[in-house]
Amino acid sequence: MTAITRSLAALVSCALAAGGLTAAGVAVLQPETAQASSHREAPLISGQPQYDTTDVYAFVSPDKPNTTTMVVNMLPFEDPAGGPNFYKFANDARYDLHVDNDGDGQGDVLFRWTFKDHLKNGDTFLYNTGPVTSLDDPDLNFTQTYDLEVIKLRHQKAVARATLGHNLPVAPSNVGKASMPKYQTLRDQAVRKIGYSGGSTAFAGQADDPFFLDLRVFDLLYGGDMSEVGQDSLKGYNVQSLALQVPTSSLTESKDQPVVGLWSTTHRKTANGDWAQVSRLGSPLVNEVVIPRKNKDKFNASSPWDDAQFLPFVQDPELARLVEQIYKIKAPATPRDDLVQVFLTGVPKLNQPPNVRPAEELRLNTSIPPTAGPKRLGVLDGDNAGFPNGRRLTDDVLDISLQAVEGELLGKKNDLGDAVDANDQKFGGSFPYLAVPNSGSDATIAAKSAGQSLLNGGSGIGSSSDDNMLLAGSAAAGGGAVLLLGLGFLWMRSRRRAPRVRRH
């Protein structure tokens, strides 16, 4: 086992232990308050899902290896059937993606998305008034557009900026097969070429959540029984996705310095018109399991140069102690100073930039080419193009983190994992690579047996054909009064309360 492999394992371990020590935004965007991100991991942001970043991905594009693809997801646990309003990006937010290309812990390039809402007909509760065949279909009642900017920074201050796209269309929520019979067409129309650095591509819209894991890890580590795993907790849920593919040369400092660090932030406009940072995220699975609840919001409000205050949580991660307590797998010896060193500086000869300043970022060495057969355990399985060198959609970050935090490559062999080894949906072979979102009609359809029907309330109680004919005849004789009354009730209910969306 090589020293570099051991160092990589340490980085993964610390990524899980240290908990999102992501660098702050540009000076004019310094947070008034900052809250945790990812899948509902901290108290404050859990009540603001539109602003909650769930995951950041960055990888060398497999079909265009001279480009880098970056994906930022937000709004976790979107139930596909969550109408009538369905899902959208916040129109009072700035979604930013930061790129540090010289290792000083500060952003050098910033991409910013801002969104606008458009409503055709406010006199209906419907998201769409008929089958939607294109993004400009008049039957698509609610739409969004976005502007995309790039801002060049020096010492966290803007020195140049340009608009890369104006009023670009957002792919809508996938309502169902009746409303959007060919959703892939709508997805394709939302993929747009933009004029950045000789040719780039952008996408914004709904997607299947690409993260796969069994979240029962929070039930005292699968209830103390590692056989009770294997359920993909995010199966069937969607997210709002921002994806960007740009020439790698537009991100890196130079050919001699190919390592970039990335993180996302979300800023929300306050009542007095200022911008407050409410979410940020770099590496996955960092803040949920180590930082104590009382420190989570303080942690995310802090700047990277103040990370020493959280050092005890890194040196003695709670997760390792819980695994030892519940499963009797002895935790590696503390203090984990090796994790601190590797985590905050990057891994020498892999993804550590020269003259690095300690800061947690999703670090990617863009000079490492994509592999033809990506391995889900990434670097832990000898695939240096995978996590923690960037993050691909197929990387099994939960298994990587569980194994590494227990010292897999520090001499403590283990095969810990949640038995969820791949996403439930197949990823695409070209940009934006994300799987199309689950639709409302993908859910289990009520059985047609036992007489279940809209006409009898789906009660399943058998009824004669004469009864059904009588009901149908009465409705016709009454001029459709029953149907109109039902629609009126649904309209009033939709006005009185928003739809309840399943959240974790």
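Strand 9 is largely enclosed by the rest of the structure, because 10 of its 10 residues are buried. Buried here means under 20% relative accessible area, exposed means over 50%, and partly exposed lies in between, with a 1.4 Å probe and protein chains only. Strands (E, at least two residues) and helices (H or I, at least four) are DSSP runs numbered from the N terminus. This is a predicted model, in which local features need pLDDT of at least 70 and side-chain atom pairs count only at pLDDT 80 or more, while totals for chains, interfaces and linings use all residues. Residues are numbered from 1 along each chain as its sequence is written, and side-chain values use heavy atoms, with hydrogens and water left out.

The protein chain as a whole has 10 helices and 12 strands. Of its 504 residues, 54% are buried. The chain exposes about 21,800 Å², and carbon and sulfur atoms supply 54% of that area; accessible areas come from the Shrake-Rupley method with a 1.4 Å probe, and for residues only the protein chains shown count as cover. Among contacts with a separation of 6 or more, 68% join residues 24 or more positions apart, a contact being heavy atoms within 4.5 Å.

Two strands pair if DSSP finds at least two bridges between them.

On one flank, strand 9 (residues 238-247) pairs with strand 2 (residues 67-78) in the antiparallel sense over nine bridges. In this pairing threonine 68 stands opposite valine 246, and methionine 70 stands opposite leucine 244. Strand 8 (residues 200-208) also pairs with strand 9 in the antiparallel sense, over eight bridges. There, alanine 202 stands opposite leucine 244.

Two residues of strand 2 deserve a look. Threonine 69, in strand 2, counts as buried at 0% relative accessibility. Its side chain makes a polar contact of 2.7 Å with the side chain of serine 61. A polar contact is a pair of N or O atoms within 3.5 Å; within protein, one must be able to donate a hydrogen and the other to accept it, and residues adjacent in sequence count only if both atoms are side-chain atoms. Leaving aside residues up to four places away in sequence, threonine 69 touches Tyr57, Ala58, Phe59, Ser61, Leu244, Gln245, Phe431 and Tyr433. Leucine 75 also lies in strand 2 and has a positive phi of about 60° although it is not a glycine. At 6% relative accessibility, leucine 75 counts as buried.

Most residues other than glycine have a negative phi, and most peptide bonds are trans. Asparagine 355, in the loop between helix 7 and strand 12, has a positive phi of about 55° and counts as exposed at 74% relative accessibility. The peptide bond from threonine 334 to proline 335 is cis, with omega near 0°. Proline 335 lies in the loop between helix 6 (318-327) and helix 7 (337-345). The bond from phenylalanine 387 to proline 388 is cis as well, with omega near 15°, and proline 388 is found in the loop between strand 12 and helix 8.

That loop between strand 12 (362-365) and helix 8 (397-405) also holds alanine 372. Alanine 372 counts as exposed at 88% relative accessibility. Its C-alpha atom is separated by 9.9 Å from that of aspartate 63, 309 residues apart along the chain.

A search of the whole structure finds 10 aromatic pairs. The rings of phenylalanine 89 and phenylalanine 115 have centres 4.2 Å apart and planes at 10°, so this pair is stacked. Rings of Phe, Tyr and Trp (its six-membered ring) pair if their centres lie within 6.5 Å; planes under 30 degrees apart count as stacked, over 60 as edge-to-face and the rest as tilted. Phenylalanine 89 is buried, with a relative accessible area of 0%, and phenylalanine 115 counts as buried at 4%. Tyrosine 95 and phenylalanine 115 form an edge-to-face pair, 5.8 Å centre to centre with 80° between the planes. Ring pairs link Phe89, Tyr95, Phe115 and Tyr146 into a cluster.
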